[in-house]
Amino acid sequence: MTGLLDRRERVILADDLAGVPEGTPGEVMLHTGLQWVRYWVRFDTGAERGSIHRDKLVREDEWEDFLAGRAAAEAAAEVDELAGSPVGEAPELSAGDAASDAASDVVVNGATVPAHLLSRSASARERLGG
């Protein structure tokens, strides 16, 4: 999924959004931004959504290849998991470790996420059963 999408280009949503399920076709209304490009899309269901990142949109003619690639990646991850080498798992942090160890901060898209916020999120997920 590379390259800018042009106005009026047909796309398919590659991930669920609020009120719009994955696989919904639509048309790019416009794109905004210079280095941080986002798209406004009018979906065939009548919904319009803005600020959609390119990695959530696939050109209609690339949809089948996208699904095949995602299935292959999931299969490879499953094989790695069965082999005992999990792919992409972050180490679990306890509340004490995260609060006391500044080295456990994580950098995501150039922004540092402090360890104490990671700890709060983990606690909330446990509390909510997720």
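Leu-13 sits in strand β1; strands (E, at least two residues) and helices (H or I, at least four) are DSSP runs, numbered from the N terminus. Leu-13 is buried, with a relative accessible area of 0%. Buried means under 20% relative accessible area, exposed over 50%, and partly exposed in between, with a 1.4 Å probe and protein chains only. The model is predicted: local features need pLDDT of at least 70, side-chain atom pairs count only at pLDDT 80 or more, and totals for chains, interfaces and linings use all residues. Residues are numbered from 1 along each chain as its sequence is written, and side-chain values use heavy atoms, with hydrogens and water left out.

What does Leu-13 touch, not counting residues up to four places away in sequence? Its contacts (heavy atoms within 4.5 Å) are Val-20, Pro-21, Glu-22, Gly-23, Thr-24, Phe-43, Lys-56, Leu-57 and Trp-63. Take Phe-43. It is 30 residues from Leu-13 along the chain, and their C-alpha atoms are separated by 8.8 Å.

Now step back to the whole protein chain. It has three helices and seven strands. Read along the sequence, the pattern is β-β-β-β-β-α-α-β-β-α. Of its 130 residues, 22% are buried. Among contacts with a separation of 6 or more, 37% join residues 24 or more positions apart. The chain exposes about 9000 Å², and carbon and sulfur atoms supply 53% of that area. Accessible areas come from the Shrake-Rupley method with a 1.4 Å probe; for residues, only the protein chains shown count as cover.

Next comes the sheet. Five strands form an open sheet in the order β4-β3-β2-β1-β5, with antiparallel pairing. Two strands pair if DSSP finds at least two bridges between them. β4 (48-52) and β5 (57-59) stand at the edges. Each has a single partner strand, so one side of each is left without a neighbour in the sheet. From one strand to the next, the twist averages 40 degrees. Axes here are lines fitted to C-alpha atoms, for helices over the stretch in contact, and angles run from 0 to 180 degrees between N-to-C directions. Strands of a sheet pair through backbone hydrogen bonds, either parallel or antiparallel.

Follow the pairings. Strand β2 (residues 25-32) pairs with strand β3 (residues 38-43) over six bridges, in the antiparallel sense. Thr-32 stands opposite Arg-38 in β3. β3 and β4 also run antiparallel, joined by three bridges. Here Arg-42 stands opposite Glu-48 in β4. The two strands, β3 and β4, form a hairpin with four residues between them. In that turn, Gly-46 has a positive phi of about 100 degrees.

Most residues other than glycine have a negative phi. Ser-51 is partly exposed, at 49% relative accessible area.

Which residues make up the largest nonpolar core? There are twelve: Leu-5, Val-11, Leu-13, Val-20, Val-28, Val-37, Tyr-39, Val-41, Phe-43, Ala-47, Ile-52 and Leu-57. Such a core is a set of buried Ala, Val, Leu, Ile, Met, Phe, Trp, Tyr and Cys residues joined through side-chain atoms within 4.5 Å. β1 (10-13) and β3 each supply at least two residues of this core. The largest share, three residues, comes from β3. Leaving aside neighbours within four places in sequence, Leu-5 is in contact with Val-11, Val-28, His-31, Tyr-39, Arg-54, Leu-57 and Arg-59. In soluble globular proteins, nonpolar side chains tend to be buried together.

Trp-63 counts as buried at 12% relative accessibility, and Phe-66 counts as buried at 19%. They are three residues apart in helix α1 (residues 63-83), so about one helical turn separates them.

Trp-63 and Phe-66 also form an aromatic pair. Rings of Phe, Tyr and Trp (its six-membered ring) pair if their centres lie within 6.5 Å; planes under 30 degrees apart count as stacked, over 60 as edge-to-face and the rest as tilted. By this rule the count is one aromatic pair. The rings of Trp-63 and Phe-66 are stacked, at 5.5 Å centre to centre with 25 degrees between the planes.
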